Amino acid sequence: MSSSTLALLLILFGTLCSFFYLFRSRNRHKNVRKTPPGPFPLPIIGNLHMIGKLPHQALHHLAERYGPIMSVMLGHVPTIVVSSPEAAELFLKTHDAVFAGRPKLQTSEYLTYGPKGVVFSEYGPYWRTVRKWFSLHLVSASRVESFAPVRKQEVASLVESVRKAAEGGKTVDLSRQVGKVIEVIMSRVIFGRSMDDQIDFKPLIEEVMNIAGAFNLSDFVPFLAPLDLQGLARRVKRASKDLHEFFDKIIDQHEQQGTKHKEQKPYTDFVDVMVSLLDTPMNPKDKEQSSIIDRRNIKAIMVDMVAASFDTTTTAIEWTLSELVRHPRVMLGLQQELDRVVGRNRMVEESDLQKLTYLDMIIKESFRLHPVAPFLIPHESTEDITVDGYFIPNKSRIIVNTWSMGRDHKVWSDDAEEFLPERFEDNKIDFGGHDFRLIPFGAGRRGCPGMQLGLTTMRLIIAQLFHCFDWELPDGMLPNELDMTEKFGLSLPRANHLFAKPTYRLVG
Ligand code: HEM
């Protein structure tokens, strides 16, 4: 049988199944259980045709019509879209345990062995152990602190390179510069080496990020998966093999170099920590020692680290810089705070950061309008449940639309579209998932464990760039002319790079 005949048969079969499923579920739910309102789904594709290239915006508009708990079919996947702080609290706090699952995605199955990392492992004892282990050994407050010399050194190189551009009267590609410094910092923190070291693994990491961020039809219409219509399965298999081989080399080097390697740098990188724990029980209290840390665990966690930290931190900084250059009033306010706390005779130190309260408000405001993970990471229900009177079946996908929540006029008043950091002045809204009006790092059991690492890096880079330099848009561009188009993928970055012209402002 030719592959086109097979495709046709599969599509026919899928259409029949979809009709049967829709007919059955509509009838059953009409009589017995009330499901959340939502647009009527088509066979096979469900509501996929309605979400377009910017799904967070399309779902925001649909939620305005159907409400903050809305039901859509993404292909064959029943999905609940949550779009208000009250609703988010129901899903991520009140019923957190039921919604702490993650869907099985084709790419993460290959990239993280099944998955054996933190991000996509299913909610249960394995995830609990590996997450505790991750938080304790890799991203604890003391470990984040121990990387301060790496941040200091790399941010100083960034300032040096921008200073040269300023002296030459040149415009700087801020998106590229920020992306580069984050790659170097995070690579040194994770692997103990930078991207520019002996092996050039940047193209490989880029390929992994592109695959992970791509819209994968196989995840939504599983009966089409064997055809691999987008070629993603082939790409992810190849990239996973190359990545795992590369990570094996890094682990080998860490094992061989042992203490000599550690003496060369003033901190212990993530692979050092993980290698020192190889072949030990993941949970020392586990009497049967059923989970022993092996290479696959380490490699899966390395993949998670790269995927969870590179793009997120870069995108968050890029949006904050964009808002600052197009709001000279706010930029000036930040520089006045920096002058007061730091003074123009020296650069910013990490110890200054906690005194920069206006900077904190700016970052909150930037996250409100530009959450880097607009849907968080998809959650999945682990049993049938009724929430706010709506029946939600087991294995429903849960999308929390934080982009929509940040623009809700009922919560943020009529100026919700405006960038006004002062709105955070007299309230205690924080990032930590306690106040559901602002949850850029998620909340509850699956909330981001790397928040401190991400935030410290962000704060230092933004503070340093605005302390050392004044910035203006190139070629006489007016602030309101700056393109702010978004591009949806693994995170939600700017569609086009941000360019600005620096002028050095420190004394000496
Ligand atoms: C500004 C930077 C960052 C932002 C905005 C961010 C945001 C997020 C968000 C929204 C989630 C999903 C929460 C949910 O599904 O409810 C998440 C999960 C996660 N993040 Fe971050 N993140 C950042 C940096 C980092 C860093 C630096 C690391 C580690 C090196 C990290 C590690 C993780 C992990 C492992 C998870 C999965 C947690 C789980 O499933 O249990 N993140 N992050």
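Reader: What percentage of the 508 residues in the protein is buried?
Author: The model is predicted. A residue counts as buried if 20 or more other C-beta atoms lie within 10 Å of its own. Of the 508 residues in the protein, the buried share is 42%.

Reader: How many helices and strands are there in the protein?
Author: Both kinds of element are present in the protein. The strands number nine, and the helices number 18.

Reader: Which element gives the most residues to the shell around the ligand?
Author: The ligand has 26 residues around it, and S309, G442, C448, G450 and G454 come nearest. Two elements, α13 (295-325) and α18 (451-468), each give two or more residues to this shell. With seven residues, the element that gives the most is α13.

Reader: Which strands are the edge strands of the open sheet of four strands?
Author: The sheet has mixed pairing and the order β1-β2-β7-β4. An edge strand here pairs on one side only. The edge strands are β1 (69-74) and β4 (379-380).

Reader: In β7, which residue is the bridge partner of T79?
Author: Strand β2 covers residues 77-82 and β7 covers residues 397-400. These two strands pair in the parallel sense over four bridges. In β7, the partner of T79 is R397.

Reader: What angle does the direction of helix α3 make with that of β7?
Author: Helix α3 (residues 85-94) packs on the sheet and touches β1, β2 and β7. Its direction and that of β7 make an angle of about 135°.

Notes. Residues are numbered from 1 along each chain as its sequence is written. This is a predicted model: local features need pLDDT of at least 70, side-chain atom pairs count only at pLDDT 80 or more; totals for chains, interfaces and linings use all residues. A residue is buried if 20 or more other C-beta atoms lie within 10 Å of its own, exposed if 12 or fewer, and partly exposed in between; C-beta atoms are placed from the backbone. A residue is near a molecule or strand if its C-beta atom, placed from the backbone, lies within 6 Å of it. Two strands pair if DSSP finds at least two bridges between them. Two residues are in contact if their C-beta atoms, placed from the backbone, lie within 7 Å. Axes are lines fitted to C-alpha atoms, for helices over the stretch in contact, and angles run from 0 to 180 degrees between N-to-C directions.
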